[in-house]
Amino acid sequence: MSAVRLDDEAESVSFTDLSRNPRGIAARAAALGSLRVTHRDAPDMVLTTVLRAENAEENLTTASRLFLALMKQDEGVKSLLLALPEVFPWVRHLDAEEVRGFTVELLEALSDAAELGAGEAVHRAIVSWRATARINADPDQLSASLRPLEGDDLGQVEVRA
């Protein structure tokens, strides 16, 4: 997986510009490190060098392995749990068990992103736990989420291991 970070101020070119002047646009992307390519009818893309993409991938793998190693040490776990609210302020709305669950899921997702190229797992973990925190933060939503569902019984749910 290659993670390329573009901020809102990143330079961009249109897909049409790329198709009209591929050599010039490629040179510009190489000089800048990365270049956003906008497309009217499709999601934007990023044009970057292989070296930059490989470096980003290596950085993700290194960070992921470091965090997983920290999780194997009591002091490392404590440090990660203490740092989490700085990175994700909304974790204050999660109880201790939920924070631990989020931490484990996030680190496993980072590992999957680094080792398997499954980057969506990280996004999914953050979005899911942030939604849980949002529900926990609103007493009305929390009480509604804890009420049994009304209506048809849809039967047993098959759980796959």
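Student: How many aromatic pairs does a search of the whole structure find?

Tutor: The search finds four. One is F88 with W90: the ring centres are 5.5 Å apart and the planes make 55 degrees.

Student: Why is the pair of F88 and W90 called tilted?

Tutor: Set the values against the rule. Rings of Phe, Tyr and Trp (its six-membered ring) pair if their centres lie within 6.5 Å; planes under 30 degrees apart are stacked, over 60 edge-to-face, the rest tilted. F88 and W90 have 5.5 Å, so they pair, and their 55 degrees makes the pair tilted.

Student: What kind of model is this?

Tutor: The model is predicted: local features need pLDDT of at least 70, side-chain atom pairs count only at pLDDT 80 or more, and totals for chains, interfaces and linings use all residues. Residues are numbered from 1 along each chain as its sequence is written, and side-chain values use heavy atoms, with hydrogens and water left out.

Student: Which angle makes the pair of F102 and W129 tilted?

Tutor: The angle between their planes is 55 degrees, and the centres are 6.2 Å apart. The pair links distant parts of the chain: F102 sits in helix α5 (residues 96-116), W129 in helix α6 (residues 120-137), 27 residues apart. Helices here are DSSP runs (H or I, at least four residues), strands are E runs of at least two, and both are numbered from the N terminus.

Student: Why are F102 and W129 called buried?

Tutor: Buried means under 20% relative accessible area, exposed over 50%, partly exposed in between (1.4 Å probe, protein chains only). F102 has 0%, so F102 is buried. W129 has 15%, so W129 is buried too. F88 and W90 are also buried. F88, W90, F102 and W129 form one aromatic cluster.

Student: How do you know that S64 is buried rather than exposed?

Tutor: Its relative accessibility is 2%, therefore S64 counts as buried. S64 lies in helix α3 (residues 50-70). Leaving out residues up to four places away in sequence, S64 touches L110, S111 and A114. Contact means heavy atoms within 4.5 Å.

Student: Why does H93 count as partly exposed?

Tutor: H93 has 30% relative accessibility, so H93 falls in the class in between. H93 lies in the loop between α4 (74-87) and α5. With neighbours within four places set aside, H93 is in contact with E98, A133, N136 and A137. Compare Q73: H93 and Q73 are 20 residues apart in sequence and 26 Å apart in space, C-alpha to C-alpha.

Student: What makes three strands a sheet here, and in which order do they come?

Tutor: The order is β1-β2-β3, and the sheet is open with mixed pairing. The edge strands are β1 (12-14) and β3 (45-48), each pairing on one side only. Averaged, neighbouring strands are turned by 35 degrees against each other, direction ignored.

Student: How do you know that β1 and β2 pair?

Tutor: Two strands pair if DSSP finds at least two bridges between them. Three bridges join β1 to β2, so they pair; they run parallel.

Student: In which sense do β2 and β3 pair?

Tutor: Strand β2 (residues 34-38) and β3 pair in the antiparallel sense, over four bridges. S34 has T48 as its bridge partner in β3. L35 has L47. V37 stands opposite M45. A hairpin of six residues joins β2 to β3.

Student: Which helix packs on the sheet?

Tutor: Helix α2 (residues 22-32) does, touching β1, β2 and β3, and its direction makes about 135 degrees with that of β2. Axes are lines fitted to C-alpha atoms, for helices over the stretch in contact; angles run from 0 to 180 degrees between N-to-C directions.

Student: How many helices and strands does the chain have?

Tutor: Seven helices and three strands. Along the sequence the pattern is β-α-α-β-β-α-α-α-α-α.
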